[in-house]
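Reader: I have just opened this entry and would like to learn how to read it. Could you take me through its features one at a time?

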Amino acid sequence: MQNTIAVKQNTKIGEIKSQKLNESSNEREIKKKKIEEEKPPFETTTLWDFSRQSYGKKPKGNNKFQGVTPAFIIWNMLQRYTRPDDLVVDPMCGSGTTIDVCEEEGRKVIGYDINPQHPKVVKNDSRKIPLKDNSVDMVFIDSPYGDNVNYSNELADIGKISAEGPKFFEELEKVAGEIYRILKPGKVIGWLIGDQWVKKKFTPVGLKIYQMLIDNIKFEPVDLICVTRKNQSSNTRIWHYRAQKFNFFLRGFKYLILAKKPDSKVENSNSTTKVKWQRYK
Ligand SMILES: C[S@@+](CC[C@H](N)C(=O)[O-])C[C@H]1O[C@@H](n2cnc3c(N)ncnc32)[C@H](O)[C@@H]1O
């Protein structure tokens, strides 16, 4: 009799255990699916903050590559400024973040770099881009911010030039001119750039690049986004201590400059949706 009760109890325990196992493997499945389908938040303000470099199941770019772009920035730009099948170009594509994001979102994409770190990135100096005039729907670029990162041994690497002198901006102006040439009228460029504080000297690299794009290349301003900087090498106790002791600031954000190639036709004919803007003032 006691044996029968023990067997029944064991069977019950076994059932509960396998039920729990099933539940946890279901939960695991759901969690896995959620991660696979994860998309970054659609940003609606000018302050963008996302704690990880990538999202979803497939890595975007290589998060071990120094200077890799946070993938959610490119994802947000695609949602706002492109449609499926549009052509996106990244002239300094490094480890290929733009390529990976565009492919997952069904956009055509070409990525160039002087030192490719991804099988689909084509070697090219971005001061001359081998594409036709007015042929591209969106450009994203995350250029060097000065000579703070050693990207390669290539002589043509603009990351070898200090942002403290004019040459750095002159060379990036050539890149900007090429971007203007290949973009279709009315289409948008996103330029990710950080400022520099080196040896007690601050250089407002981002603002100087924005000014160059507007004044010299004749892009039109669209907006200016602050992207918080996460996981950078100076986010350590010793650097926070130095920032306090020697009275300087660690870089907390980068700029995402949004500008567009002018198109008077689009400006005049883009009034199909009537928005009562006074409501939003
Ligand atoms: C901030 S990284 C880009 C990171 C890239 N978006 C990614 O997610 O991996 C800047 C890149 O500019 C490239 N670069 C520097 N000078 C260049 C040039 N003249 N033409 C093309 N690429 C250049 C560097 O090789 C480096 O990969």
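Predicted model: local features only at pLDDT ≥ 70, side-chain atom pairs only at ≥ 80, totals over all residues.

Reader: In what order do the strands form the open sheet, and how should I think about strand pairing in general?

Author: Strands of a sheet pair through backbone hydrogen bonds, and they can do so in a parallel or an antiparallel way. Here 8 strands make up an open sheet in the order 1-9-10-6-5-2-3-4, and the pairing is mixed. The edges are formed by strand 1 (47-48) and strand 4 (122-123), each of which pairs on one side only. Helix 3 packs on this sheet, where it touches strand 2, strand 3 and strand 5, and its direction makes about 175° with that of strand 3.

Reader: Which strands pair with strand 2, and over how many bridges?

Author: Strand 2 (residues 87-90) runs parallel to strand 3 (residues 108-113), and 4 bridges join the two; within this pairing, Leu87 stands opposite Lys108. Strand 2 also pairs in the parallel sense with strand 5 (residues 136-142), over 2 bridges, and there Val88 stands opposite Met138. Together with helix 3 (residues 97-104), strand 2 and strand 3 make a right-handed β-α-β unit.

Reader: Turning to helices, which residues of helix 5 are buried, and why do they lie on the same side?

Author: The general idea is that an α-helix has 3.6 residues a turn, so residues three or four places apart point the same way. In helix 5 (residues 205-216), the buried residues are Val205, Gly206, Ile209, Tyr210 and Leu213. They lie on the same side of helix 5 because they cover an arc of only 135° around the axis. On the other side of helix 5, Gln211, Asp215 and Asn216 are exposed.

Reader: What does the buried side of helix 5 pack against, and how does helix 5 run relative to strand 10?

Author: The buried residues of helix 5 pack against several elements, including helix 4 (166-182), strand 7 (196-198) and strand 8 (201-203). Helix 5 lies across strand 6, strand 9 and strand 10, and it runs at about 5° to strand 10. From its first C-alpha to its last, this helix of 12 residues reaches 16 Å, close to the 16 Å expected at 1.5 Å a residue. Lys218, which follows helix 5, has a positive phi, near 80°.

Reader: Why is helix 2 described as largely enclosed?

Author: Helix 2 (residues 71-81) is largely enclosed by the rest of the structure because 9 of its 11 residues are buried. Among them are Phe72, Trp75, Met77 and Tyr81. The buried residues of helix 2 pack against strand 1, helix 3, strand 5, strand 6, strand 9 and strand 10.

Key. Residues numbered from 1 in each chain as written. Pairing = 2+ DSSP bridges. Right-handed = clockwise from strand over helix to strand, strands pointing away. Expected span 1.5 Å × (residues − 1). Buried ≥ 20, exposed ≤ 12 C-beta atoms within 10 Å, placed from the backbone. Arc of directions from axis to C-beta. Contact = placed C-beta atoms within 7 Å. Axes fitted to C-alpha atoms, helices over the stretch in contact; angles between N-to-C directions.
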